[in-house]
Amino acid sequence: MVWMSSSRFERESIDLSGFWYFKTDPEGRGEVEKWFEKEQLKDWDRLYVPCPWNEQDSAYAWYMGKAWYSRDFYVPKDWNEKAVSIFFEGVNYRAKVWVNKIFIGEHEGGFTPFCFRIEDKMKFGYDNRVFVMVDNTLTKKTIPPGEGMNRTYFDFFHYGGIYREVYLLSTSKLYVKDVTLRTDIDGGRGIVNASVNVVNETTETRSCQLILRVIDSNELVNENTEPLVLEPSSDRTVEKRIIVKNAKLWCPEDPHLYKFAVIITDGGSNIDVFETRFGIRTVRIENGRILLNGRPIFLKGFGRHEDFPILGKTLNGAILRKDFGLMKDLGCNSFRTSHYPYSKTHMDLADEYGFLVILEMPTVGLWQGVERLDDPEIVEKVKRMICEAIQRDKNRPSVIIYSLFNEPDSCREEFRILLKEAIEEARRNDPTRPVTFASCMHLEDKALDMVDVLCFNFYYGWYTLCGDLEAASRTLSRVLDELHEKYPDKPIIVTEFGADAIAGVHRDPPEMWSEEYQAELIKTYWNVILSKKYVVGGHVWNFADFRVGQSPGRTTLNRKGIFTRTRDPKLSAKIVRELFRKASTYL
Ligand code: ADA
């Protein structure tokens, strides 16, 4: 599988969104019966892509298993000399892909992108046919693991299908394969350490120029040109230290974005053009603080989920714009991508709105249900998903920390083996950002010494000390102090605290499940958090109510949102707005 950073600004792409043919395959007969060779799909259903299958028709609401998608697509005749890839931004959970009856590849993992080269399978100037077999079957070795739609080892709905964009991308066979940008600050100057990988897949030696441009709102700020000679079937990585004078730094109050353009030219026409956005900022851990551009920051925000009626995990631009407007209005400056990498559009808005993001991997639910956390199959999958997530988002200024797990069984000695591998993989892909995991083991946790930042999920007053906010406050305060005493140099973030509230249920005095109790609990936690100078952030769980599997403990939704699933405010939204707006982004 060839990894190409899909800039999609200057290259030619064909969006494959739309109605695809769809058919479930509960007995898993499709491959043996070669459904990927079918000419006639008249008896198949039609579903919209991108969107999970679950809420598009009640027939698929609780379906877990194999299902087939297919559509025809036209490829222009003049693409016949090009490198052509088919990109999938997200398919939950496994995908196997055939084009014109030929198997082209497979991918496991529901929340990171993948692509396959297909030019040698194409009929240029004609219709081509793609089949995708999706399988969202959970096992004890999927990441995340589970046993069924109502027996997931994680607390969110297990949607299935092609739920993020699918598109074709064509480039020259002399192209930019990858760009890594690491920024630094030197007085008023921005330093952009650029690493550009160029590939020559042609059979000739190619002499060309590589032009690197930094652009600020259409004004050329800096340009470097490098002569390049590439042997046939070879690649080269060009490293360049670029100075940006009078740099406008990226920060929550002014998230300034530059454009970075890489042009391969032979002096006449452009052979390939790759563009991406970036921000000039630094992130460092020092003396128990998280420093952004050298200033200690305080994260105030949420754990979120990608969830909305009918669209499931496919939050379109309008819903994301609504969410970001609401978060901005609340005075929020941060969120965690709980519990999986979010969509590109989601992360694009984080860059544009100046949110400080903890990018979390899909490694949730690794606890008792899983036999061995150091199982080589699990370790390999976790490492690959970390690599894919970081390769996609490594140039984003909004991403400041990588959370490698959510609530793993970090009391088990063997978790240290898994965590060590995960940390090494994260650092191999990006040594610049601190790493963490969200712990629910607190003082019993046996792996906190291995990470840079400590994140904890607390539910005193909800799952324990039910209804007793006095005791919850005392316990939270004591446990935080003891954790700080054990790890005095590590910043602490409370990554989850909250309570379920059924919208419209009111109780005076506040009582569990009422809007008043949720608001009181959040206020109680926030007072404790603000009273601890070593706590550098608090994320309310959750931004909005979200769908979960069926269980006696859930009323069709996890209702810890301060907004309903359709984003109507509960009492807590007003309270959180008062609390967040009073708290500063800088300590
Ligand atoms: C855990 C978990 C969340 C959610 C939360 C809750 O902390 O990380 O995904 O399940 O509890 O609502 O109970």
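## From a loop lysine to the ligand shell

Lys533 sits in the loop that links helix H6 (515-531) to strand S34 (535-541). The model is predicted. Is Lys533 buried or exposed? Its relative accessibility is 60%, over the 50% cut-off, so Lys533 counts as exposed. The side chain still makes a contact with the backbone: it reaches the backbone oxygen of Leu530 at 3.3 Å. Pro491 is 42 residues from Lys533 in sequence. In space, the two C-alpha atoms are 9.8 Å apart.

Now step back to the whole chain. It is divided into domain 1 (12-171), domain 2 (174-278) and domain 3 (295-582). Between the centres of domain 1 and domain 2, taken over C-alpha atoms, the separation is 33 Å.

Next comes the ligand. Which residues surround it? The shell consists of Asp155, His339, Asn406, Glu407, Asn457, Tyr459, Tyr463, Glu496, Trp541, Arg554, Asn558 and Lys560. By class, the shell has three nonpolar, four polar and five charged residues.

Several side chains of the shell come up to ligand oxygens. Glu407 places a polar side-chain atom 2.5 Å from an oxygen atom of the ligand. For Asn558, the distance from a polar side-chain atom to a ligand oxygen is 2.8 Å. Asn406 has a polar side-chain atom 2.9 Å from an oxygen atom of the ligand. How much of the ligand does the protein cover? On its own, the ligand has 320 Å² of accessible area, and the protein covers 92% of it.

How values were computed
Residues are numbered from 1 along each chain as its sequence is written. This is a predicted model: local features need pLDDT of at least 70, side-chain atom pairs count only at pLDDT 80 or more; totals for chains, interfaces and linings use all residues. Side-chain values use heavy atoms; hydrogens and water are left out. A residue is near a molecule or strand if one of its heavy atoms lies within 4 Å of it. A polar contact is a pair of N or O atoms within 3.5 Å; within protein, one must be able to donate a hydrogen and the other to accept it, and residues adjacent in sequence count only if both atoms are side-chain atoms. Accessible areas come from the Shrake-Rupley method with a 1.4 Å probe; for residues, only the protein chains shown count as cover. Ala, Val, Leu, Ile, Met, Phe, Trp, Tyr, Cys and Pro count as nonpolar, Asp, Glu, Lys and Arg as charged, and the others, Gly among them, as polar. Domain bounds come from an automatic or database domain assignment. Helices (H or I, at least four residues) and strands (E, at least two) are DSSP runs, numbered from the N terminus. Buried means under 20% relative accessible area, exposed over 50%, partly exposed in between (1.4 Å probe, protein chains only).
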